[in-house]
Amino acid sequence: MMSFARVSINGIAITALICGLFASSDAFVSSNNSARRTSTSLHMTLLTAGGKKVEVPAGSPLKAACAKLGVKPKYSCNKGDCGSCTVSVGGSRIKACVGKVPPQPKLKSLQEKGLEVK
Ligand code: FES
């Protein structure tokens, strides 16, 4: 099958001959479904606390991750003002009420253990 496609760029008309090989709608779709899935998949972060491990999406609310882990910070203002809910995540201090789950560290040793939440 052959067909012509007419495209206009900045007023210049371009006519292209499209052969049957590329005319089907599947011609430019990748047949590799795994590549498509990885581009939309979330980056997960492994968190550990007291021997319990959970994998949560990086950038998700830390408050929900703490609840999943069983860590119970003391919430007071719930706005990030007082600091009473501050937890240590992999050595960084983050206010749990407004903080986000950090991305997984690049170091292999920390990846295997997960970020420890205290
Ligand atoms: S509850 Fe006050 S900073 Fe989180």
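**A quick tour of the fold**

Just after helix H3, glycine 70 takes a positive phi of about 90 degrees. Helices and strands here are DSSP runs, numbered from the N terminus (helices are H or I with at least four residues, strands are E with at least two). This is a predicted model, where local features need pLDDT of at least 70, side-chain atom pairs count only at pLDDT 80 or more, and totals for chains, interfaces and linings use all residues. Residue numbers start from 1 along each chain, as its sequence is written.

**The three-stranded sheet**

- Start with an open sheet of three strands, in the order S4-S3-S7 and with mixed pairing; two strands count as paired if DSSP finds at least two bridges between them.
- Strand S4 (52–57) and strand S7 (115–116) sit at the edges with a single partner strand each, so one side of each has no neighbour in the sheet.
- S3 (residues 44–49) runs parallel to S7, and two bridges join them.
- On the other pairing, S3 and S4 run antiparallel and are joined by six bridges.
- Leucine 47 is a handy landmark: its bridge partner in S7 is leucine 115, and in S4 it stands opposite valine 54.
- S3 and S4 make a hairpin with two residues between them, and glycine 50 in that turn has a positive phi of about 55 degrees.
- In a regular strand, side chains alternate between the two faces of the sheet.

**Helix H3**

- H3 (residues 62–69) lies across S3 and S4, running at about 155 degrees to S4; axes are lines fitted to C-alpha atoms, for helices over the stretch in contact, with angles from 0 to 180 degrees between N-to-C directions.
- Its buried residues are Leu62, Ala65 and Cys66.
- Looking down the axis of H3, these buried residues fall within an arc of 100 degrees, so they line one face of the helix; the arc is that of the directions from the helix axis to the C-beta atoms.
- They pack against S3, S4, strand S5 (86–89) and strand S6 (92–95).

- S5 and S6 run antiparallel, with four bridges joining them.
- Threonine 86 stands opposite lysine 95 in S6.
- Two residues separate S5 and S6 in this hairpin, and glycine 90 in the turn has a positive phi of about 60 degrees.
- Serine 92 belongs to strand S6 and counts as exposed, because it has 10 C-beta neighbours inside 10 Å.

**The nonpolar core**

- The largest nonpolar core has 14 residues, and those with the most contacts inside it are Leu62, Cys66, Val87, Ala96 and Val117.
- Such a core is a set of buried Ala, Val, Leu, Ile, Met, Phe, Trp, Tyr and Cys residues joined through C-beta atoms within 7 Å.
- S3, H3 and S5 each supply at least two residues of this core, and H3 gives the most, with three.
- Leaving aside neighbours within four places in sequence, valine 87 is in contact with residues including Cys66, Ile94, Ala96 and Val117; contact means C-beta atoms, placed from the backbone, within 7 Å.

Definitions and conventions:
Contact = placed C-beta atoms within 7 Å. Buried ≥ 20, exposed ≤ 12 C-beta atoms within 10 Å, placed from the backbone.
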